[in-house]
Amino acid sequence: MRWQHAFIPTLRDDPADAEAVSHRLLVRAGFVRQLMSGVYSLLPLGFRVCQKVTGIVREEMDRIGAQEFRLPALHPGEIWKQSGRWSVVGEEMFRLQDRRGVDVCLGMTHEEIFTTLALELRSYRDLPQIWYQIQTKFRDEARPKSGVLRVREFTMKDSYSFDLARSGLDSAFQRHFDAYRRIFSRCGIETVAVEASSGAMGGSESVEFMVASDAGEDHIASCGACGYAANVEKATSALPEIDDEGSASSLEKFATPGVRTIDDLVAFEGGAPPERQIKTLVYVLDGSPALVLLRGDHALVEQKLRDATGAVEARPAHPGEIRQALGASPGSLGAVGVRDLLVIADLALEGRRGMTTGANEDEVHVRGVDVARDLDVRAWHDLREVRAGEACPLCGGALAVGKSIEVGHIFKLGTRYSEALGVQVLDEAGASVPIVMGSYGIGIERTMAAVVERCHDAAGIVWPVPVAPYEVVVTVVNPNDVPTAEAGAQLYEALLSAGIDVILDDRDERPGVKFKDADLVGIPYRVTVGPKGLAKKQVDLTRRRDGQSTALDLSRAAETVIEAVLEERR
RNA sequence: CGGGCCGUAGCGCAGCUUGGUAGCGCGCCUGAAUGGGGUUCAGGAGGUCGCGGGUUCAAAUCCCGCCGGCCCGACCA
């Protein structure tokens, strides 16, 4: 490609509405443009990067024996009704009707469609299978943001494994785990694999591949000492024991005028420190109110509540609903004596005594609560959010909590979909058994953005060679100087015929403009061809990532550059 | 879905309070010089002021409605 003829609309100024680094740079360097909220066009540079990413994904998927498909993005609503997800996924699915009034939707993922194809698997001899595609997904996100990181239309590699038994699924899952490790590492980003909640996908186990970044929206807890890592939706920690000996042992109501919060009660004369308080939250789980109990200084993770109860919808109750359920307002709520509501408690409250909580009378609390004696807890679950500095549940080391971007997610689905859609095979004994499934996703544009989040500096993007839109730019300092232009073109041809992704910057621009653009776009190697160097029969090779520059003899320049690029291609 | 903010030239912005010929920087086009980190000079093109309605002699500016976008939070496979 000659830059002169390329569509690379770089901007001198940062776009005003871009906050995230990847958003700012991908727009400014001419990789993407927004069409509407959460919908982006990939420009030639952006498309080239995504092609590199999907190329790596294909190689690694093929390596684990996966077969590529191409499924429709337009789905009949019927099949989603069969799996039960038509009603579960809610407003996040784009839905429409065709001219006959038939429900149709745009695919947010393809479990249903691949599972339908799997109906043609008849015998255990047909298994195992791993099927995948690289396809556009549609999700009507409530709040698209951060450029291409969180969007409503995006490309996803999604694969699905089909096995006769649990052990086969374990193996397919492990192979995906290894493949994902290789994929992201080849893309030049470090990922942390974390335990995650399976959410509405269902299934028993899931692992997310996370890239640490402030632009990310997930919080993960990790232990530097032993490597434990989990999404805070799933993470736990070890808490120091609290000695309740000597605390008040009999129930005693007391007036607490003006006390509305945990902190108020801490400051209140005769109150209690947060770890001696019981926080009472009223949640509506699929339409029914329930009390959720936590220690005063702990925060609820709603996803844990959903996972623990199996509720699809879990929302805080409105003030009116709370008053109806308990007869008091938030700030004075408690579970003492509550028999007619589901009471769910966090494990950190188990066995505690001498606790203080609301009395279900406004501005009245009760002390001396013995959890086992006074509360009718129906279910115990881990519900609290871990905090940085708490002890690792495995080794006791201090946990760190940081933001990160989810670039991949792998699930063990089990038989949820095969049972819903009737996918069975005959096993060796001739019995019909549901196929055991797994599903595995990678966000392509999100991976591109994650690379930018990790690989950039003040001047622009710094692409790792394997995903760079071009590996080398040959910059002609002065294209009007014939010998310079010719030397540049020759070098360009030599690199091109060696299979290097090279672009020749032959624009009639000041050298500074061309250097700035090359840095902004992030091309890993720049060969500068100019009259000064040519006078010594030399050109300069500059490495983007550290700016290191070396003079090369013109005669050996192509060879040296090719070597450097191939070295980093992997 | 709640809160805040913003739509004026390709990009970044001023003008709106107090109604009266639509501006600036960068970019773009032409010419010249220049040529190793966003160079300089001269000339030029480019705007339904988000959309619709209203008030007015007159609306980018005031009023009403709508649409779109951004940020924070809620939510999220």
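Tutor: In this predicted model, helix H2, which covers residues 44–63, packs with helix H12, residues 444–454, at an angle of about 105 degrees. The axes of H2 and H12 are 9 Å apart. Because angles from 65 to 115 degrees count as roughly perpendicular, H2 is described as roughly perpendicular to H12. From H2, the residues that make the contact are Gly 46, Val 49, Cys 50, Val 53, Thr 54 and Val 57. On the side of H12, they are Ile 444, Glu 445, Thr 447 and Met 448. Sorted by class, the contact of H2 with H12 holds 6 nonpolar residues, 3 polar residues and 1 charged residue.

Is Ser 161 buried or exposed? Ser 161 counts as buried, because its relative accessibility is 0%, and the cut-off for that class is under 20%. The side chain of Ser 161 forms a polar contact of 2.7 Å with the side chain of Tyr 440. If neighbours within four places in sequence are left aside, Ser 161 is in contact with Gln 129, Ile 130, Leu 169, Ala 172, Val 436, Met 437, Gly 438 and Tyr 440.

The last topic is the RNA. RNA strand B is surrounded by 47 residues, of which the closest are Val 89, Arg 150, Glu 302, Arg 510 and Asp 519. By class, the surface near RNA strand B comprises 23 charged, 13 nonpolar and 11 polar residues. Among the atoms of RNA strand B within 4 Å of the protein, 48% are part of sugar or phosphate, and the rest are part of bases.

Some individual atom pairs can also be described. A side-chain N or O atom of Glu 302 is 2.3 Å from a phosphate oxygen of RNA strand B. Base oxygens of the RNA strand B are involved as well: one is 3.0 Å from an N or O atom in the side chain of Arg 526, and a backbone N or O atom of Gly 533 lies 3.0 Å from a base oxygen. The elements giving two or more residues to this surface are strand S1 (32–36), helix H8 (302–309), helix H14 (511–521), strand S29 (525–529) and helix H15 (531–535). Helix H14 contributes the most, with 7 residues.

Key: Residues numbered from 1 in each chain as written. Chains lettered and ligands numbered in written order. Predicted model: local features only at pLDDT ≥ 70, side-chain atom pairs only at ≥ 80, totals over all residues. Heavy atoms only, no water. Axes fitted to C-alpha atoms, helices over the stretch in contact; angles between N-to-C directions. Helix = DSSP H or I, 4+ residues; strand = E, 2+ residues; numbered from the N terminus. Parallel < 35°, antiparallel > 145°, perpendicular 65-115°, else oblique. Contact = heavy atoms within 4.5 Å. Nonpolar A, V, L, I, M, F, W, Y, C, P; charged D, E, K, R; others polar. Near = heavy atom within 4 Å. Polar contact = N/O pair within 3.5 Å; in protein donor to acceptor, adjacent residues only side chain to side chain. Buried < 20%, exposed > 50% of the residue type's maximum accessible area, 1.4 Å probe, protein only.
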